[in-house]
Amino acid sequence: MSEVCDPNASFGWSLKCIDNEYAILSRLLCRNNNQHGKSLVFSHLKSMKRILSTLSSENCKKLINSIDAAVRHAGQPKQNKIQIDAILSTTESVYDALSVCLKCIFHASKASQCIIKLLSLKVFVPLYSLLLALVGRICRCISIICVQLDVRYQALRVQIKVCLQLLLSRFIVLLTLF
């Protein structure tokens, strides 16, 4: 957390920040659990923490690398069953990651609604102001991750379409020979 996150570095920045914000959120939940642990805000924040643990930078980097590898393999003229299965499993992994991102954003929006209500009542203003800023930063990082996943997924779809066209043309050539 000693490193300052640079918002211009986009994807690398968001991966670092997700880990940093997760550490901050974990610490805040741990320190304030006795007093606020049963509140609705903290239940949403605990859900966010649980979801963010699956969105660690290591998991996102593995997913991005598997998407990039699938894009490279999808454009090759010879495909075997293992490569096609890898491409399909990568597609499912992208869907899973995007659904995790959406769940986290859902809980973030619910938590921020509760925090805003509590801030209007002027209770625990420093804590809830900090939590609101934290939730906003987490949402920004997740949105950048979603955009990067979508961009790479679109490239994968283009390569899959090219691969299918190639296989279809080979099939048509085989049919004309018989």
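This is a predicted model: local features need pLDDT of at least 70, side-chain atom pairs count only at pLDDT 80 or more; totals for chains, interfaces and linings use all residues.
1. Secondary structure next. The chain has 5 helices and 0 strands. Along the sequence the order reads α-α-α-α-α. Helix α5 spans residues 125-177.

2. Burial and surface. Of the 178 residues in the chain, 36% are buried. The accessible surface is about 10800 Å². Carbon and sulfur atoms hold 63% of that surface.

3. A nonpolar patch deserves a look. L168, F171, I172 and L175 together form a nonpolar surface patch of about 410 Å². L175 sits in helix α5. Its relative accessibility is 52%. The cut-off for exposed is over 50%, so L175 counts as exposed.

4. Now the cysteines. How many disulfides does the chain have? The count is 0. A disulfide is a covalent bond between the sulfur atoms of two cysteines. C139 is in no disulfide. The nearest cysteine sulfur to that of C139 belongs to C104, 6.7 Å away. The pair would have to lie within 2.5 Å to be called a disulfide.

5. Is C114 buried or exposed? C114 is buried, because its relative accessibility is 14% and the limit for buried is under 20%. C139 has a relative accessible area of 22%, so C139 is partly exposed.

Definitions and conventions:
Residues are numbered from 1 along each chain as its sequence is written. Side-chain values use heavy atoms; hydrogens and water are left out. Buried means under 20% relative accessible area, exposed over 50%, partly exposed in between (1.4 Å probe, protein chains only). Helices (H or I, at least four residues) and strands (E, at least two) are DSSP runs, numbered from the N terminus. Accessible areas come from the Shrake-Rupley method with a 1.4 Å probe; for residues, only the protein chains shown count as cover. Patches are made of residues with over 30% relative accessible area and no salt bridge: like charges are joined within 9 Å, nonpolar side chains (Val, Leu, Ile, Met, Phe, Trp, Tyr) within 5 Å. A salt bridge is a side-chain nitrogen of Lys or Arg within 4 Å of a carboxyl oxygen of Asp or Glu.
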